[in-house]
Each structure stands twice: as structure tokens, then as C-alpha cells.
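Q: Please take me through one part of this model up close. Then show me what lies around it and elsewhere in the chain.

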Amino acid sequence: MAKRRANGEGNIRKRSDGRWEGRYTAGRDPNTGKAIYKNVLARTQKECKEKLKQAIEENSKVDIIKAEQYTVGQWMDVWFENCAKIKVRPSSHKTYRGYIDNHIKPNIGKIPLNKLSSLDLQKLYKKLLSGGRVERIESKNQPKGLSAKTVRNINQVISSAMDFAIDQKLIATNPTDGCALPKLEHREMKTLSVEQLASFLHEAQESGVFEMYYIELATGLRRGELLGLKWEDIDLEQGIIHVRRQIARIDGEIVEAPLKTKNSYRTLSIGQDAVEILREQQRKTNSEYVFPSPTGGPISPDSVLKMLHRVLKRAGLPEIRFHDMRHTFATVALQNGVDIKTVSGMLGHYSAGFTLDTYAHVTTAAQRQAANTMNNILSDAAGN
């Protein structure tokens with residue numbers, strides 16, 4: 001009677017074409033009981049032994065019957081519904097769903113989950129970089145590529161789904177490991193100078209939006225955090241603002257959402273001028289929100305950006321992003337002697353090191369000024 005080979009056992013033979021083949025039992029069909037065989041091929045016996053050993057080791061980590069039930073597209077849906085929706089902020093659900101439906105499933109969705117390779121992913125990322133933008137065509141009728149940041153985000157989504165597949169014993173290794181990712185494009189930071197701030201605030205006053213932009217420049221809040229402020233978050237007697245929520249657009253609706261990170265939940269001190277400006281704002285409004293829409297609810301983040309661009313244009317200033325107002329706060333604070341740790345805490349960054357990297361150009365200039373100052377002091381002391 002033939003020996004019944006156990007799962008994971010293998011043998012090696014030389015084929016008629018000169019290559020070596022390693023064959024092993026990967027499992028048994030639950031319905032028929034028949035063995036499921038897998039094989040590896042190599043040019044030499046030594047290489048074949050190494051490949052066979054690796055394949056058997058990886059196979060021991062995988063439930064081969066379950067693994068063959070999913071395509072990449074099916075697994076991405078399972079992961080999104082059962083994992084991502086729990087771990088990811090609600091404001092990111094639509095973004096993740098868009099990555100899956102618009103880019104991942106149309107390109108690699110039909111590949112069996114346990115067959116997805118790093119090469120498949122590299123081809124996907126190359127394609128997305130050159131022509132991945134949905135419903136956008138350049139002047140020469142060529143589709144426009146996605147940004148490096150978006151492609152890296154898509155890789156992160158796939159990587160998380162593959163890690164979950166490893167936990168479920170569907171695959172042995174994560175195919176995103178070792179993928180060559182595009183370098184992030186450096187987006188130039190634009191800030192308003194002290195002279196430009198005077199022109200900007202004068203025009204903001206003329207346009208009736210002075211209070212909102214003054215508080216932004218005094219605190220460096222993220223746009224959603226500024227719009228999410230309620231009067232219950234502000235202690236005017238103590239000059240304190242508690243940052244507790246943000247306003248975001250989710251599925252087309254303007255809603256309250258949790259903050260970006262745990263460090264985003266913070267308490268800020270404000271100066272007396274900011275306190276008085278907020279008192280004036282409180283007298284003008286009849287809403288729980290500090291900066292409400294005309295109907296009393298939260299303002300759309302998009303409309304605030306359009307408003308900023310109108311004020312800048314009327315003031316004769318260059319167009320900047322709303323986030324650059326936050327950069328302006330940090331830059332002016334650092335240039336005027338506020339220490340990096342304090343600025344980092346006010347911005348809600350996860351570490352002072354991140355803040356230092358972000359504003360290295362400011363701190364480098366300050367260090368150069370300090371070096372020159374010390375040079376002059378020591379030169380005078382030495383009698384030079």
C-alpha cells in the first residue's frame with residue numbers, strides 16, 4: 001500500500017528539461033480527502049531544496065482551503081467592512097472606499113489573494129502615477145497621474161489589508177514589503193510676512209471676517225479645529241481654548257468629527273487681545289459655534305477657503321492654502337523666540353522633533369542669528 005504523505009512533506013526530482021522540481025503536500029480537499037500538491041522549480045538541486053524548504057515553511061502558516069476563496073478585490077471589501085471601518089476615523093471611510101473602488105479593484109481586484117505579488121503592485125503603482133486620476137484628462141487626451149502621496153496612501157491601505165490576511169492565515173507574507181514607492185513631492189510652504197499680515201487683517205476687517213482669521217493666526221489651529229470651536233470650549237476669564245472636535249465634510253455633509261490624533265486634543269492659552277476679539281464675536285453671534293454659518297450651524301471648510309482667497313486677492317497678496325495660515329503662526333512664533341516644544345504643543349504635533357523637521361528653515365535661521373550674536377559678544381570680550 002502506498003505511503004500516505006503527511007501535509008508539508010516533500011520530495012525532489014530532476015525533470016526531463018533539466019530543471020529540478022520540488023513537490024510537497026499543501027493540504028487536503030475537505031470534500032474528497034485528496035491531497036493538494038504544490039511545486040517549486042529551480043535550476044540546481046541546492047536551489048530547489050532551499051525553495052522547497054521555504055515553500056513548506058510558508059505553507060504551514062496558511063490555511064490553503066480558505067486562502068483560495070478570495071480574490072484581492074473580495075478581500076479588500078472584507079477588510080474594509082470588518083477592520084478598516086472600526087480602526088479608521090469616519091472622515092477617512094470615503095477616502096479608503098474610493099481607493100478600493102477606483103484604483104485597487106479595477107486593476108488587481110481579480111487576482112487570487114494568495115497569488116498577489118510585489119511585481120503586481122509595482123505595475124499598479126507605476127500605472128497610477130502615470131494615469132490614475134479618475135475622470136481627469138490632460139490637454140493631449142492623456143489621463144493625469146495620481147500624486148506620490150496618494151500612491152503611498154494606496155500602498156498603505158493594501159499593506160494593512162494584507163497584514164490582516166496574514167493574521168487570518170490566508171497568505172504567508174505581505175506583498176507590499178519591499179515595494180519601491182515614489183518619493184514624496186516637497187510642497188513649498190508659503191507664509192505671510194509681518195508686513196503682509198497687516199494688509200491681510202485690514203482687509204479681513206473690511207470683509208467682516210476679521211475675528212475668525214485673527215484667532216486662526218493667534219492659535220495655529222487646523223481649519224476643521226477652528227470651525228469646530230464652541231463657546232463651551234472657551235474660558236474667556238482664564239484666556240483658554242480647549243480643542244475637542246473638528247468640522248469635516250463626510251459623504252457630502254458637514255458634520256462634527258473626532259480630531260486627527262490624540263495629540264490634537266489640547267488646551268491653548270490666548271492673549272488679552274484675542275480674548276477681547278472673542279468677546280466681541282460672542283456678542284455678534286447667536287449659536288453654540290464660535291464661527292457659525294449664516295444658519296447657525298457649522299461652516300463648510302470649502303467656503304472658508306474661498307473666503308480666504310477673496311480676502312487675499314482684495315489685499316493684493318499671493319494666494320495661499322488655509323494650512324499656510326497655520327504655518328504662518330508657527331513661523332512667526334519661532335522667529336520671535338517661542339521655543340520649539342511650546343509651538344509643537346500648540347500645533348498638536350505628536351513630537352517636537354516633527355515640528356523641528358517641519359520648520360527647520362526657521363530654526364536654522366535663528367541658530368545662525370544666535371551664532372552671529374555670540375560671535376560679536378566673544379569678539380568684544382577678547383578685545384578684537
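A: **A close look**

His 349 counts as buried, at 13% relative accessibility. Buried means under 20% relative accessible area, exposed means over 50%, and partly exposed is in between, with a 1.4 Å probe and protein chains only. This is a predicted model: local features need pLDDT of at least 70, side-chain atom pairs count only at pLDDT 80 or more, and totals for chains, interfaces and linings use all residues. Residues are numbered from 1 along each chain as its sequence is written, and side-chain values use heavy atoms, with hydrogens and water left out.

Where does His 349 sit? It is in the loop between helix 13 and helix 14 (352-358). Helices (H or I, at least four residues) and strands (E, at least two) are DSSP runs, numbered from the N terminus. The side chain of His 349 makes a polar contact with the side chain of Thr 355, at 2.7 Å. A polar contact is a pair of N or O atoms within 3.5 Å; within protein, one must be able to donate a hydrogen and the other to accept it, and residues adjacent in sequence count only if both atoms are side-chain atoms. Leaving out residues up to four places away in sequence, His 349 touches Arg 222, Asn 263, Arg 326, Ser 344, Phe 354, Thr 355 and Tyr 359. Contact here means heavy atoms within 4.5 Å.

Now step back to the nonpolar cores. The largest has 50 residues. Helix 13 (340-347), one end of the His 349 loop, supplies at least two residues of this core. So do helix 7 (194-206), helix 8 (210-219), helix 9 (223-227), strand 5 (240-243), helix 10 (272-284), helix 11 (301-314) and helix 12 (323-335). A nonpolar core is a set of buried Ala, Val, Leu, Ile, Met, Phe, Trp, Tyr and Cys residues joined through side-chain atoms within 4.5 Å. Phe 200, Tyr 213 and Leu 278 have the most contacts inside the largest core. Beyond four places in sequence, Leu 278 touches Ile 215, Trp 231, Ile 234, Leu 236, Ile 241, Ile 270, Val 290 and Phe 291. Apart from this core lies another, of 30 residues, among them Tyr 99, Leu 116, Leu 121 and Ala 161.

Helix 8 deserves a stop. Glu 211 lies in it. At 12% relative accessibility, Glu 211 counts as buried. Its side chain makes a polar contact with that of Lys 284, at 3.0 Å. Past its neighbours up to four places away, Glu 211 touches Ile 277, Glu 280, Gln 281, Lys 284 and Phe 291. Tyr 214 is in helix 8 too. This tyrosine is partly exposed, at 22% relative accessible area. Setting aside residues within four places, Tyr 214 is in contact with Leu 201, Asp 273, Ala 274 and Ile 277. Its C-alpha lies 8.8 Å from that of Ala 204, 10 residues apart along the chain.

Next comes helix 5 (residues 118-131). Its 14 residues should span 20 Å at 1.5 Å a residue, and its end C-alpha atoms are 20 Å apart, which agrees. The expected span is 1.5 Å times one less than the number of residues. Which residues of helix 5 are buried? They are Leu 121, Leu 124, Tyr 125 and Leu 128. They cover an arc of only 95 degrees around the axis, which puts them on the same side of helix 5. That arc is of the directions from the helix axis to the C-beta atoms. An α-helix has 3.6 residues a turn, so residues three or four places apart point the same way. The face turned away carries the exposed residues Leu 119, Lys 123, Lys 126 and Ser 130. Helix 4 (90-108) and helix 6 are included in what covers the buried residues of helix 5. Gln 156 is in helix 6 (residues 148-167) and is partly exposed, at 45%.

Helix 1 (residues 45-59) has buried residues too: Cys 48, Leu 52, Ala 55 and Asn 59. They fall within an arc of 65 degrees, so they line one face. Lys 46 and Lys 53 are exposed on the face turned away.

Last, the whole chain. It has 15 helices and eight strands. Of its 384 residues, 39% are buried.
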